[in-house]
Amino acid sequence: MSNVHPFTSKNVILEKACTWVSAIDRGLSNEEKEQFKLWMLQSAAHQDAVYEIAQLWDELSVLNELSILFPQHNSANHSKSKWVVPYSIAASLFAALMVCSYLLVNLENDFDKELAKVNYTKIYQTKVGEQATYVLPDGTIVQLNTNSMLEVAYSKGRRQLLLNKGEGRFNVAKDVSRPFSVMAGDKSFTALGTVFNVQRNTSSDLELVVTEGKVMITDPSVAVDANDFKAYQLADNSTQKIRQINANIVTSGEKAVIEQSITKPITQLSVDDVQRDLAWQNGMLIFNGEQLGDALNEVSRYTATRFELSSAELAKIKVAGVFRAGDVAGLLESLQTNFSIDHERLGEHVVSLKYQTKS
């Protein structure tokens with residue numbers, strides 16, 4: 001007879017299910033998808049736990065991905081909980097919901113050890129068109145842009161954050177004993193006493209702007225501990241230690257663009273460039289020669305409105321100006337006045353744009 005208490009077994013399954021749901025939310029690699037399918041097929045309890053957590057996770061993308069991976073399953077069958085979870089396990093599950101999102105799947109053997117170290121966890125989230133500022137327990141100030149989600153997990157030796165989606169500005173409180181890292185997609189940004197901005201476009205397309213201090217870009221598998229922290233603070237791209245971990249150092253006034261997981265050459269920004277990139281922090285959008293199609297995509301981040309352009313020629317018009325984020329009416333008026341572009345509402349959230357018809 002097994003000496004394992006049934007609640008202990010359930011707790012382990014729930015924690016593992018949480019790890020998988022969080023990974024699905026971030027996006028599974030092909031290899032992870034195969035691992036996940038194998039784990040799900042091992043037990044009906046595994047399947048029940050995943051669908052239970054997916055309901056709690058409240059992200060439609062997770063349920064959509066599950067329906068793709070397991071089309072034969074109906075999530076509605078799991079709407080009623082099959083898990084009777086006592087308070088102690090519920091508390092552990094809550095911690096797992098915060099922590100498992102930034103623990104790599106291949107570190108599952110260290111899960112319990114890492115979970116025990118965490119002493120502060122929280123999720124911060126903004127809706128479309130919403131911006132918010134938060135003060136973390138160490139005094140770090142975080143400002144989140146529209147439609148963003150940030151998970152925070154502080155432990156005795158590390159301050160680890162996960163930007164699930166969106167954009168954030170981080171004014172990091174100095175603490176030499178606890179490195180501060182923001183994971184976004186497949187990159188990790190470690191602050192070396194700094195203020196910086198991270199924008200996550202996709203899991204492999206990211207942007208970093210540093211306005212104070214330095215930030216080190218690495219793969220998430222590179223763990224920065226307190227012993228190395230001081231060395232990294234003094235380091236630059238020419239040092240052997242930085243080369244060994246394949247890292248890039250971005251300093252104040254510089255920008256890093258990551259496309260398809262590849263970090264492009266670091267660029268120096270002018271004052272105007274910085275103001276334009278970070279105008280959202282003041283609730284504004286600044287355009288200076290961007291194509292209309294790209295500008296409208298940026299505007300759409302702050303509103304439910306989507307734009308349809310009548311031609312490719314129209315999409316390539318160069319635009320410039322300062323707009324309040326979410327002010328669709330002001331934008332449409334400016335396009336009509338300055339470019340003779342008419343608009344027509346095709347529905348509550350769709351606007352069609354075309355050149356004015358000459359009479």
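This is a predicted model: local features need pLDDT of at least 70, side-chain atom pairs count only at pLDDT 80 or more; totals for chains, interfaces and linings use all residues.
1. The position of T303. This residue sits in the loop that connects helix 10 (292–300) with strand 16 (306–309). T303 has a relative accessible area of 12%; because buried means under 20%, T303 counts as buried.

2. The surroundings of T303. When neighbours within four places in sequence are set aside, T303 is in contact with V128 and V328. The C-alpha atoms of T303 and T146 lie 8.9 Å apart in space, although 157 residues separate the two in sequence.

3. The buried face of helix 10. The buried residues in this helix are L292, G293, A295, L296, V299 and S300. Viewed down the axis of helix 10, they fall within an arc of 160°, so they line one face of the helix.

4. Three strands form an open sheet in the order 16-19-18, and their pairing is mixed. Strand 16 and strand 18 (341–347) are the edge strands, each pairing on one side only. On average, neighbouring strands of this sheet are turned by 30° against each other, direction ignored.

5. The pairing of strand 16. Strand 16 and strand 19 (residues 350–355) run parallel and are joined by four bridges. As one example, L309 has L353 in strand 19 as its bridge partner.

6. The helices on the sheet. Helix 10 lies across strand 16, strand 18 and strand 19, and runs at about 165° to strand 16. Helix 12 (residues 328–339) also packs on the sheet, where it touches strand 16, strand 18 and strand 19. The direction of helix 12 makes about 145° with that of strand 18.

7. The position of F323. This residue belongs to strand 17 (residues 318–324). Its relative accessibility is 15%, so F323 counts as buried. Leaving aside neighbours within four places in sequence, the contacts of F323 are G283, M284, L285, F287, G330, L331 and S334. F323 and V299 are 24 residues apart in sequence, with their C-alpha atoms 9.2 Å apart in space; V299 is itself one of the buried residues of helix 10.

Methods: Residues are numbered from 1 along each chain as its sequence is written. Side-chain values use heavy atoms; hydrogens and water are left out. Helices (H or I, at least four residues) and strands (E, at least two) are DSSP runs, numbered from the N terminus. Buried means under 20% relative accessible area, exposed over 50%, partly exposed in between (1.4 Å probe, protein chains only). Contact means heavy atoms within 4.5 Å. The arc is that of the directions from the helix axis to the C-beta atoms. Two strands pair if DSSP finds at least two bridges between them. Axes are lines fitted to C-alpha atoms, for helices over the stretch in contact, and angles run from 0 to 180 degrees between N-to-C directions.
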